[in-house]
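Here is a short report on one protein model. Keep the structure in view as you read.

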Amino acid sequence: MLLTGSLKSLLPQALRRIIRCNRLSISNTSGMAEGYKQANVVILHKSLADDFEKFCHANKGPLPLLYRSKPGDWKCPALSSDSDIRTDCLQYRLYEYGACTGSLKSLKEYTEQLKDMVTFYLGCSFSFEKALQNAGIPVRNVEQKCNVSMYKTAVPCYSVSAFCCNLVVTMRPIPANKLEATVLATSEIEAAHGAPVHMGNPGLLGIQDLSKPDYGDPVHLHPGDIPVFWACGVTGVEAIINCRSPLAFTHSPGCMFITDLKNDDVTVRSSREVPQVHCISQDPLHYSIISAEAAQKIKTLESLIGIDPGDRGIIHLCRQDELLKSCLSISHARSVLITTGFPTHFTYEPPEENDGPPGAFAIAAMLQALEKEVAIVTDQRAMDLNRKIMEEAVQLGILKRPIPLLSYQKESTDAALMFLCENGNCGRPKFDHLIAIERAGMAADGNYYNARKVNIKHLVDPIDELFLAAKNIRGVTTTGIGDGGNELGMGKVKDAVKKYIKNGDVIACDVEADFTIVAGVSNWGGYAIACALYILSTCEIHDRYLRKAVGFPQLSKKMVWLSALPSVTKVISAEPVSCDFLVTCRWNQLPATKSCPAQFTSLEVITFTCLLVDLGDSWLASIHTVIRVVYKGLQDRMNIKILKNELTPCGVTSSMELCCNFTGSARNPVC
């Protein structure tokens, strides 16, 4: 018998001969013939072959097809010379009507049946283990001299005819500081399953106990290791079981067919497509993946919305990458609850300001387009107002359909838990993510204050309790969006609010959100989330990770997502009218006064860079400073001409020049 130590450096052809002669004392091929591709094997009747090939193409992550043989052909010249699939795997499994009825060292006794059968060779993760080691990443199953751990998941594959099953994954423990290097090293080897499909808590895949793999051996984690999961070719075994074919064969998990192909056909990616890894939850531990290009676009959005038009000092509240991490978390969510409402104008009816609802409905529109469940919770007294806004949004096509509109009152000690979870069961939350945008937040003394220190508690329902309760529900994350520090969720930056914001020592919200998005105007934060979700959805790297590399890319839905993006409707008039005209811009060069010009000269060109967003004709707004120039009773003619328009669909940066020609002067604009 040969020992394992000498097998790493043997050429594949020599190894196959040794396997063929049954001279090995090992149970798996991990670490053998380093640098060469290994393959999963599925052998089934020719009548099923076309459907199984379609099943492979529909689930390329777990089933990257290397080669399909002709019926009765047990050689595969495209992958190897001098090979015989009847003898060249360490061990095989026999399946009859979906049941495993035996393990075999050779298939020669089934030569007659194999004449009507087709062999599929599928990529294997053993092929990338050398690439991991070359990148300085430990491969624990090789270190521990055992088979890799394989688990059935709750993730369904894309079904084709009789072939339907859930995804099977391999798990390798990876040091936390090596996650990004691991993704980079394996994402380039698509024929060996490519990048991981999950990093973090196994329960999010439906795996209950890492110590009990469905196939292979338990692999022990070292302190600081994170469980990282790749799509696995044993998914094909599960498909064979479920299709209940009268006769089928597979390799025994871990006992792969070793090819003559080297792992040098990596996918070359541009610098923009380099994957990045971000932690989006600590409990349960969860990481996500995004391309460098998409991440930079979202970082640019975060920078844009952080402009402070009121010079209130919000720059001191900003936390880097909060928008990115929040949107990654929302992207993974199934159901989202949004709340808004800040009764600033407490002497009016209704007392709400118009900052908040537009951003909330912009987020809701994008979530609808992404086919997520979404609901809005607000104050009982504001239900009619929000219902009217929603009805108009549906009429204008901003929302595809009405969304549930809810209110919350503390009717019992467990009211928040009953609201957020099925029958109050923390294991069955109704929502995965809570978003508060321009929502009055509870201060340390239990009251709610506007920016002028006026207590408005009598107008605010205790929706903060939902965010407090969410902290104790695993898998539920929260986002707070604000522009002054007194909004729900801003407790994460309350020390900065107290130090830098006027009246901050009194008004600072005490309730934290997991992610805090600070914007010059809260609506901008809502628009930025909608746009960032679009960017994530059109990022191929993130899309693959979201769908666990099964099924097809979702980019075919891009036009639906595009139609849900906030955009601005430009009102242009050349007639002497009494109207409100919105100039949407970021001043590149400030006029003589610090805020806005008291009047325009006879000819003035305004150049700006912006991301235009909109909630339809009724809610004209912008991701940048909105300057409302009020022309009440303006008698002079106003001529506006677009000189340059370079607006992009998802529009992280765009430019436009407006030439405003006034024959007279305007009243002072109000910002």
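## A pair of strands

Glycine 341 has arginine 439 of strand 18 as its bridge partner. Six bridges join strand 15 (residues 335–341) to strand 18 (residues 433–439). The two run parallel. Strands here are DSSP runs of E, at least two residues long, and helices are runs of H or I of at least four, numbered from the N terminus.

This is a predicted model: local features need pLDDT of at least 70, side-chain atom pairs count only at pLDDT 80 or more, and totals for chains, interfaces and linings use all residues. Residues are numbered from 1 along each chain as its sequence is written, and side-chain values use heavy atoms, without hydrogens or water.

An open sheet of six strands has the order 17-16-15-18-19-20, with parallel pairing. Two strands pair if DSSP finds at least two bridges between them. Strand 17 (405–407) and strand 20 (515–518) are the edge strands. Each pairs on one side only.

Helix 16 spans residues 522–537. Of its 16 residues, 16 are buried (under 20% relative accessible area, with a 1.4 Å probe and protein chains only; exposed is over 50%, partly exposed in between).

The largest nonpolar core has 76 residues. Such a core is a set of buried Ala, Val, Leu, Ile, Met, Phe, Trp, Tyr and Cys residues joined through side-chain atoms within 4.5 Å. Helix 16 gives the largest share of this core, eleven residues. Ile529 and Leu533 are among the residues with the most contacts inside the core.

Leaving aside neighbours within four places in sequence, isoleucine 529 is in contact (heavy atoms within 4.5 Å) with residues including Leu323, Thr479 and Ile517.

Key: The expected span of a helix is 1.5 Å times one less than its number of residues.
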